[in-house]
Amino acid sequence: MAEKHKYAGLTDAQVAESRATHGVNILTPAKKDPLWKRFLEKFSDPLIIILLIAGILSVGISCYEYWGLAKGPTVFFEPVGIFIAILLATGLSFYFEVKADKEFEILNQVNDEEPVQVIRNGFAMQIPRKDVVVGDTVILNTGEEVPADGELFEAVSLNIDESTLTGEPMCHKTTDPGQFDPDATFPSNHVMRGTKIMEGHGVMRVLAVGDKTENGKVFEAAQIDDSVKTPLSEQFDGLGKLISKISYAFAALIIVGRVIMYFVSNPFEWIDFIAYVLQTLMIAVTLIVVAVPEGLPMAVTLSLAYSMRRMLKTNNLVRKMHACETMGATTVICTDKTGTLTQNQMQIYKTNFFGNPSDEVLCEGIAVNSTAQLDLSGEKPQVLGNPTEGALLLWLTERGVDYAALRAKTTRIEELPFTTERKYMATVVKSSTGKKILYVKGAPEIVFGMCGDTAGVTKAEIDAQLLEYQNMAMRTLGFAYQEMADGETAIKDGRIEAERLVFLGIVAISDPVRADVPDAVREVTDAGIKVKIVTGDTPGTAKEIGRQVGIWDDATDTDRNIITGVEFEALSDEELKERVGDLKIIARARPMDKKRLVETLQGNNEVVAVTGDGTNDAPALKAAHVGLSMGDGTSVAKEASDITIIDNSFSSIGRAVMWGRSLYQNIQRFILFQMTVNVAACLIVLAGAFMGTESPLTVTQMLWVNLIMDTFAAMALSSLPPSASVMKDKPRSREDFIINRPMWRSIIGVGGIFFLLLLGILYIFEHYSVKSMTEIFSFIPQPGGGDTLSAYELSMFFTIFVFLQFWNMFNARAFETGRSAFHFKGAGGFVGIALAILLGQIAIVTIGGDFFNVTPLRLTDWLIIIGSTSLVLWIGEILRLFRSE
């Protein structure tokens with residue numbers, strides 16, 4: 001094809017000079033932060049920051065108690081426990097994201113060593129793709145990927161799949177200015193890196209390599225970190241501020257109240273006053289520490305990590321943990337068409353053959369009058385060459401016809417390749433029957449017009465069928481044949497001379513919508529999520545696909561709901577912001593159009609997810625709240641995304657939304673559980689501050705409740721399976737706070753009841769002798785009239801406190817489900833962890849001894865405490881029963 005004397009190519013010296021000037025043909029990978037920096041980023045979480053502050057304050061208290069009050073080293077358990085909680089939460093989050101990254105790297109390996117044919121020093125040779133330089137003469141053949149941007153010297157029947165860059169599955173390339181397409185995204189005599197040669201061949205001169213290619217520019221745009229705040233991080237910012245304000249307000253109340261009490265009830269002495277103030281500050285800081293939900297960061301991390309692993313089983317490879325939950329907050333999905341909504345493989349939609357032609361003629365004509373091939377080595381046949389011609393070969397294969405065997409039985413005599421001027425191709429063969437036959441295929445109206453025998457079909461009938469198919473955005477081909485007599489001329493001067501052509505019929509070909517897409521689109525639209533199609537295809541094709549998947553409705557949608565890339569670019573930012581909500585389809589879109597669309601939607605306070613498989617989608621994938629790339633998409637697209645949909649199925653997106661919404665509810669349930677614990681604990685500290693008594697819960701006991709037990713509770717609540725019922729709800733507003741009104745009522749109401757109950761029990765234990773739970777209402781006076789709690793009373797109080805929270809965990813699990821807390825289907829993990837907490841509490845009280853400041857309880861007391869505190873669950877069940885009626 002490329003003779004040695006015709007193209008000299010670059011010399012070795014020119015290659016070295018070009019590489020020094022223009023660089024190498026490699027896309028500079030996104031700069032990754034070192035592992036230590038990525039780990040430290042986990043400490044920027046608002047709840048982790050609050051924990052760090054609480055930990056530092058706790059260290060201060062412990063130091064004062066150890067050196068100032070001469071207490072034992074156990075005072076340091078609280079700060080150590082807080083920092084363990086911090087390290088566990090940040091460490092687990094870091095570990096799961098690094099693990100997901102490794103899985104992703106295996107999925108997304110790029111091969112820059114692919115061989116490329118070039119001409120250098122006057123000779124054709126093969127070099128690795130990365131060694132191509134500006135000025136190189138590159139030989140292009142069918143099936144290869146274009147290694148760099150270039151200008152064509154030659155183009156023979158050259159058709160290129162530009163879908164990875166523009167969304168266009170097939171672009172005709174030529175060096176004839178008369179055939180240039182003025183509407184093409186890139187000039188008709190230019191080819192772009194990363195696009196694929198579907199048929200034909202050519203020779204090009206390289207104009208740009210690596211980062212300077214159009215592919216490289218899009219890749220670079222995809223590296224821009226817009227630092228879009230996720231809905232969950234916004235919620236935790238708000239929650240962190242709320243916890244800080246409330247705890248600081250309570251601390252201030254303690255300081256002011258106790259100082260006033262000192263002046264009211266004590267004569268003023270500086271030494272006593274300073275000691276009193278220090279003690280007051282210590283109580284205030286203790287309350288701040290108690291108010292901080294140490295288990296919450298761990299709960300969120302475990303919930304996200306659990307969802308990451310489970311979502312992988314539903315073909316969603318999550319790279320960024322936040323993406324699990326953000327999918328649940330999504331209000332708009334912007335999707336491309338080819339490969340996401342459609343199968344990206346042309347197939348026969350319908351055949352209309354006339355005159356009852358023989359199967360031999362039909363099958364042989366399709367097999368031999370084609371330049372395409374099928375790769376049948378894998379599980380699924382792959383088309384090599386023109387996708388439209390490949391669809392015809394697939395049609396034969398599905399009917400058990402071996403196209404290759406048919407070709408082998410014929411001898412090709414003459415061929416007329418397809419051109420855009422002729423709009424047809426023709427092949428003359430010596431058939432397996434021994435006859436000389438001319439086969440013609442091309443634009444139906446052209447082929448029909450050349451036929452002497454139209455098989456009884458009128459032009460009006462053909463035109464009506466073609467109009468129907470064109471309105472359905474399908475490609476059509478017409479077929480004809482003629483048995484040639486000896487000495488009869490079939491082709492002459494690039495034209496068909498034969499005059500006895502018999503019209504066989506027409507075939508409609510489409511890139512069919514994936515079978516699961518209409519139901520998947522209906523699922524997400526019923527969930528209140530808007531879906532917008534962004535494609536490089538024509539408005540007609542895009543509208544038809546939108547119609548088939550249920551996005552476009554001819555009865556209600558107008559020109560205001562569809563726009564082309566040129567019109568889109570012409571809109572000002574204000575005009576686009578006003579119109580973007582109505583847009584359903586953007587046709588003839590260019591790479592940066594989707595990114596602008598995403599940013600405008602975000603400006604309108606929408607939570608945006610973007611799906612895409614091409615390099616052209618990468619900037620939008622990066623800019624979106626959640627970027628969803630396809631498993632067989634380009635490496636650039638996958639690198640820019642947060643989630644990779646391994647099976648390329650739009651229905652996997654619906655499952656991701658369901659997981660995200662269920663995950664958010666699980667986080668809410670843990671917050672409900674944790675905050676109820678903290679409200680009760682804070683009120684006990686607050687009451688103790690004004691009653692002049694120390695908290696009956698020791699540091700190590702609170703450590704068990706806030707760290708170990710809450711971590712188990714986090715695991716239990718995060719392992720709850722997703723509920724399909726969440727898909728019936730509308731997306732939550734970004735303005736809604738994570739603690740909603742029913743949660744507030746439950747936290748304050750239940751927390752307050754627990755406090756009053758515990759305060760009453762504390763009063764009885766302080767003022768009366770209680771050696772067993774059977775004596776709690778006997779009101780036996782304390783010997784000697786003291787108010788100090790015995791070790792047994794402290795153990796009972798601690799156990800009552802824990803079991804009140806334990807049973808409330810079941811109520812939290814059932815929160816806003818409309819189901820009983822005893823509905824355990826798919827929640828085996830929850831039951832197992834609840835059992836572990838129960839056994840853990842029994843073990844601590846039985847063998848914890850001095851470390852937990854406990855003493856073993858009698859069996860009757862265990863039974864009474866477990867039974868009586870279970871009223872929390874039974875009352876919750878009764879309330880749920882009334883609400884459901």
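In the contact between α25 and α28, residues Tyr-792, Met-796, Thr-799, Ile-800, Phe-803, Leu-804 and Trp-807 of α25 meet Asp-861, Trp-862, Ile-865, Ile-866 and Thr-869 of α28, where contact means heavy atoms within 4.5 Å. By class, this contact of α25 with α28 consists of nine nonpolar residues, two polar and one charged; Ala, Val, Leu, Ile, Met, Phe, Trp, Tyr, Cys and Pro count as nonpolar, Asp, Glu, Lys and Arg as charged, and the others, Gly among them, as polar. The model is predicted, so that local features need pLDDT of at least 70 and side-chain atom pairs count only at pLDDT 80 or more, while totals for chains, interfaces and linings use all residues. Residues are numbered from 1 along each chain as its sequence is written, and side-chain values use heavy atoms, with hydrogens and water left out.

The axes of α25 and helix α28 (residues 859-869) come within 9 Å and cross at roughly 35 degrees, and this crossing is right-handed. Axes are lines fitted to C-alpha atoms, for helices over the stretch in contact, and angles run from 0 to 180 degrees between N-to-C directions. A crossing is left-handed if the near helix is turned anticlockwise from the far one by less than a right angle, and right-handed if clockwise. Helices (H or I, at least four residues) and strands (E, at least two) are DSSP runs, numbered from the N terminus.

Ser-772, in the loop between α24 (741-767) and α25 (791-813), touches residues of both α25 and α28, including Tyr-792, Met-796 and Asp-861. The side chain of Ser-772 makes a polar contact of 2.8 Å with the side chain of Asp-861, a polar contact being a pair of N or O atoms within 3.5 Å, of which, within protein, one must be able to donate a hydrogen and the other to accept it, and for which residues adjacent in sequence count only if both atoms are side-chain atoms. Ser-772 counts as buried because its relative accessibility is 8%; buried means under 20% relative accessible area, exposed over 50%, and partly exposed in between (1.4 Å probe, protein chains only).

Arg-655, in helix α22 (residues 651-691), is partly exposed at a relative accessible area of 27%. The side chains of Arg-655 and Ser-652 are joined by a polar contact of 2.8 Å, and Arg-655 also touches Thr-314, Asn-315 and Asp-647, when residues up to four places away in sequence are not counted.
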